[in-house]
Amino acid sequence: MPEQPRHRYEAICEASPDAIVLVDSDGRITYANARVTDLFGYHPDELVGEPIELLVPKPSRSGHVAQRDAYIDDPETRPMGANLDLSGRCKDGSLLLIDISLSPIEGEHGLEVMAVVRDVSEQQALRTKYQTILEAVPDAVVVADATTGRIVEANEQVADLTGYEPGELAGQHQTALHPSDEEVRYRDLFEHHIDAEQTILTQHPDGSDIYVETREGERIPVEINAHVFDLQERRLIAGVFRDVTARKEYERQLHALHEATRQLMRADDREEIARLVADAANTILGYRCNVVRLVADETRLRPVAVTERAQATMGGRPDYPITGECPVSRAYESGELLRYDDVRELEDGHDRGDARSALYLPMGDHGVISIVDPTVGAFDRSDDELASILSLNAETALNRLAYERELERQNERLDEFASILAHDLRNPLNVAYALLEGSGAETADEIERTLDRMRGIIDDVLTMVRSGYEVDAVEPLEFDAVAEECWANVASADASIRIESAGLFYADSSRIRNLFENLFRNAVEHGSTSPASQAQQDAVEHGGESVTVSVGVTGDGFYVADDGPGIPPADRDRVLEPGWTTDETGTGLGLNIVLEIAQAHGWDVDVGESEAGGARFEFTGVRTAAYDESFAVET
C-alpha cells in the first residue's frame, strides 16, 4: 500500500472505537491502533512484528495457526468463529471475551488481514443474566425476532405447555405456536403488538380468547405478557405465555353461579330450590353425584333432590336424623362445611356406592347439600369456596321463601280479622243502633256516643289492614271540594268547618280522604284535633260554643287547625305515634294513620298551636297551586 494512502488508512483506524490489528501472510502483526492498549494492555509498538497468536489463549494457539493459514488461502470478509464464544489473551494473562471480524486487504507487501476486535464481556454478562432469567421464569417464554417474527429461543417450560422442545421451535415463525388454521390472524396480532407496543395480550380485538396449539392439537387459552428489547444490536420480543385454563374455568363457574342464584331467587317452593341446587352443583363444579336434603318433621333430613348419577351409583338415599354422628347430621348441627378425601374412612355402616371424596354443606336450618365423587381427594379449595357460596345462596332463597310463606299466612290472618270487623262486628252495631230508637233520650245519647266510637275504631283498623298507606298515584285535586266532602262524612251539629284559602293540591284521592276524615273525626269527637277525649270539658271551656275547624292551602302545603284546647307542647312530638292516646277507649291509630299517609306522599307534618289557641297540623312539601281569588267558606 503506498505511503500516503496507508497514513490516511491508519488515521481512520485510530478513530475507531474497536481494536484493529493488521496481520501479514506469515501471521505477524504489522499494525495496531491505540485501542489495543485498552483491550489487551499492550502498547501498539509492543505488538508490531509479533505473531498474532500472542493475543490468543495458550490452549488455542496451535489450532489457531491452522485456522489462520486456511483463511489466508481463501480470504473473505466474515466474522471469525461465528456462533462461537471467542476469547483474547491480555498482557497480564487474563482472558477477555471478544468478537472478531476479518477482512482481507492488499498491502504494500502483499495480502494482509485486518482484524477488528470488540470487547463483548458486558454483552455476554447481560446475555448470561438474560438466559438465567429465561430459565427461572415459571411460565413458558418464547423469544422471537421483532422484525421477522422468527423464534430465536425458548425456555424449557415451553415443552410443558406445548409439547414441543425448545430446539424444535427455533427458526419457526411465532405463529407455529398458535392454531394452524388461524395463521394470518395471529400474524396480524403479532405485528399489531409490535406497532402498538402493547405489553399484555389477553384476547383478540374482537374479544375472543388467545390460544396456543399443542403438538397433539389441543388448544389452550393463554395470556401473553410481551416485551420488546434490544440485545447485541438485535431487536427482539420476549413473550411470557401463561396458561389461563383454570382462570377461564373459574370465570365460567362464577357465571354459572350467578345464573343459578337468579333461578333460586325466583323459585316458588322448597322442592324446586332443592332441585336447582343439585343441578347447580353439577353445572358449576362439574360433580354429578349430588343429594340435597331438607328438614322434615323437625327431626330428620329427607332427600328431596337426587341427581341421576347419584341415584345410579349409590341407589336410593336414606333419611338422616338432624342430630347424630353421620356427616350429614354433623354438618347440619355444626353449621360448617365438612370435607372428606375418602369417605371409606368413616366406617359408619352407610352404603355410599363408589363415592370416595365428599363435601357436606349446611343450608342454615333448612337442610344439607351432599356432593360426592368417585376420585379420592377430588375437591380443592376452589371447590370449597364455590360450594359454600352455593349453599349460602340456597339458604338465602329458602329464607326468602319461608318469609314469604309466613307473610302470606299473616296476610290471610289479617284478611280474616278484617272480615270479622266488617261483618261480625258491624252486624251487632246495626242491631244496637236499631234498639236506640226505643231507649230514653239520656241513655240513648250515651249509647250512641259509645257506638260511634266503636264504629270509628272499626274504620281506623280497616283502613290500616285493607288499604295500607301506600300511594298509588297523585293527581290534582280541588282542596276545598275534598275538604267539604270529607267534612260531610263526619260532620255534627256541634262543629263547623271554615275554608280559609283554596286551590289545587296533588295527592292520592283515596288516601287523602282517609287523612282528612281522621283529623276531622278527632275534632268532632274530642272537641279538638287533640286525641284526648275532652268533649264535655271543651263545652265548658268554650262556653257551650261548638268547635270550628279551619283549613287552607299554603305556598308549599296545607293546614288543618281548630279552636279547641290544643295539645300541650310536651305531647306534640308524641301524638302521631301509633297507639298513643289519652282516651282509655281510643285505639291511638287515627293520627298515626294521618302521619303514615303524609309520609307515603313524601310530606312533612308539624304539630303546633293555632291562632285561636287550639291545635294546628301543618303539612309541607306538598305540590300546590293557589286560586287567583281568595275566599272563605263556612259550612
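A search of the whole structure finds twelve aromatic pairs. Rings of Phe, Tyr and Trp (its six-membered ring) pair if their centres lie within 6.5 Å; planes under 30 degrees apart count as stacked, over 60 as edge-to-face and the rest as tilted.

Before the examples, some background. This is a predicted model, where local features need pLDDT of at least 70, side-chain atom pairs count only at pLDDT 80 or more, and totals for chains, interfaces and linings use all residues. Residues are numbered from 1 along each chain as its sequence is written, and side-chain values use heavy atoms, with hydrogens and water left out.

Take Y340 and Y360: the ring centres are 6.0 Å apart and the planes at 75°, so this pair is edge-to-face. Y340 sits in strand β16 and Y360 in strand β17 (residues 357-362), so the pair ties together parts 20 residues apart in sequence. Helices (H or I, at least four residues) and strands (E, at least two) are DSSP runs, numbered from the N terminus.

F516 and F520 make a stacked pair, with 5.7 Å centre to centre and 20° between the planes. Both belong to helix α16 (residues 509-526), four residues apart, which is about one helical turn. F516 is buried at 0% relative accessibility; buried means under 20% relative accessible area, exposed over 50%, partly exposed in between (1.4 Å probe, protein chains only).

Ring pairs link F516 and F520 into a cluster with F479, W487, F505, F558, W603 and F619. In helix α15, F479 and W487 are among the buried residues, while A488 and N489, on the other side, are exposed.
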